[in-house]
Amino acid sequence: MNKEKLVIFDTTLRDGEQSPGASMTREEKVRIAKMLEKMRVDVIEAGFAIASPGDFESVRAVAQAVKDSTVCSLARAIDGDIDRAAEALKGANSSRIHTFIATSPIHMKYKLKMEPERVLEQAIHAIKRARNYTDNVEFSLEDGSRSEFDFMCRITEAAIASGATTINVPDTVGYGEPGEYGAMFKRLIEAVPNSDKAIFSTHCHNDLGLAVANSLSAVMNGVRQIECTINGLGERAGNASLEEVVMAVRTRKDIFPVDTGIQAEHIVPTSRLVSSVTGFPVQPNKAIVGANAFAHESGIHQDGVLKHRETYEIMRAEDVGWNANRIVLGKHSGRAAVKARFEDLGITFDTQDALNQAFAGFKDLADKKHDIFDEDLHALVSAKGAENMEEIYLLVDMEVCSKTGETPNAKINLQVSGKNASAQAEGGGPVDAAYKAIESVVNSKADLLLYSVNAITQGTDSQGEVTVRLERDGHIVNGIGSDTDIVTASVKAYLHALNMLASRKQRSHPQRDGV
């Protein structure tokens, strides 16, 4: 049976970045985009170009770096948004402008303060303006799952007639139920006379844990594009998870009338990259990419798998990237081998000096642990932080004492804007003591929102990767630090976050309105 193409639209770099604290630098977005391209994602939504100069530059950088996937920018149905998106996408081999406007009664009345006729006019105008720049235009009915059906039909028909090639009806607030949501698409596609001129798309949020189920129900009812994110990142409870959508379609070929072109062996490496960049660890029992996804504890399960894998496994771990690309580097590996492995992971260096710094970091790590894995290399680059960021705070050395029955204390020597500064403090533990010592010097006035520790690889010599989330004056930053010594990693992460605050690398919420 010939199957139709299911377009995979990844919005990790846009909606995924809306997870509080998940901001990514331009360089990090390019790294992730290159991995998505290697995975053969059809459309990469690189950002919301009008949101900030940083978002504009990120969209432009991704558009220039990616050659095989279509690069997309979000834009409200406003002239300035659309023009800005088009400017950012100029360098792309293939581009798409994704414009949207709210269509539910509650959004039109209270958010837009617009009558339905005016919303319809603005949508048509925006699509026509976007078509001046590209013939690949997507239109989204924000809060589509709560929109009135007759108005949904009217605006969809008008959008397609105006030149929209993809129609997205998102479940913006995660309110949908699979049977109801899928039936909505079937009814809409049958009711709109020109529906055959566009691809219908779904973009589901996971507020009720139904994002993947709703998306797949929509596919069974005529949808041929799913908008999703790596690890299910996204606003509030997140979006439909790319890995779950792709592997559901692939595993249940007997049910789904579609195929994706995704190279699934890159799923796990991409998941780990996104986790490293955002500082959001993947829960162990997460489907497909969690550490326990293919683990078997029960003796009955273990016995069955040993006798015949398919007794308890419906897919192979290797097919999604577990144990793939496990070339292990060590202290005797040369610069060429290390550089080649970085490039395989989508990590490139603009200057020889940047490569030299990365190689020096690799050698330093190789002296501490025997084997260096891909995850270690990702962590080295992530912990380095954004390029060209001024490092106002540098760790010179520290001494930490934690002894049973005694209060932990830390002595910290820092360089602050090139001048030496020292401090000592006690705390509830060695990390708490170290942070109090740092704050006695810098007095950042920042609130610590998150302290997270994640083992990068297995073994007691594994690097610990620490994520520190700080907030000051409404701005949130994520600092990342890695080291085989968890206290050192914690201090590196805290100083990384402080440097971002001091260098004005922080950003407010990237988008308040969106699908």
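Trainee: Which ring does the charged end of Arg-187 sit over?
Mentor: The ring of Phe-149, with 3.7 Å to its centre. A charge sits over a ring if NZ of Lys or CZ of Arg is within 6 Å of the ring centre and within 35 degrees of the ring normal. This is a predicted model, where local features need pLDDT of at least 70, side-chain atom pairs count only at pLDDT 80 or more, and totals for chains, interfaces and linings use all residues. Residues are numbered from 1 along each chain as its sequence is written, and side-chain values use heavy atoms, leaving out hydrogens and water.
Trainee: And what does Arg-84 lie over?
Mentor: The face of Phe-56, at 3.7 Å from the ring centre.
Trainee: Switching to ring pairs: how many aromatic pairs are there?
Mentor: The structure has 5 aromatic pairs, counting rings of Phe, Tyr and Trp (its six-membered ring) with centres within 6.5 Å. Phe-342 and Phe-349 are edge-to-face because their planes are at 90°, with ring centres 5.2 Å apart. Planes under 30 degrees apart count as stacked, over 60 as edge-to-face and the rest as tilted.
Trainee: Is Phe-342 buried or exposed?
Mentor: Buried, at 1% relative accessibility, while Phe-349 is partly exposed at 21%. Buried means under 20% relative accessible area, exposed over 50%, and partly exposed in between (1.4 Å probe, protein chains only).
Trainee: Which residues form an aromatic cluster?
Mentor: Tyr-435, Tyr-451 and Tyr-494 form one.
Trainee: New topic: what is Ala-85 in contact with?
Mentor: Setting aside neighbours within four places in sequence, Ala-85 touches Ala-49, Ser-73, Leu-74 and Ala-75, where contact means heavy atoms within 4.5 Å. Ala-85 is also buried, at 0% relative accessibility.
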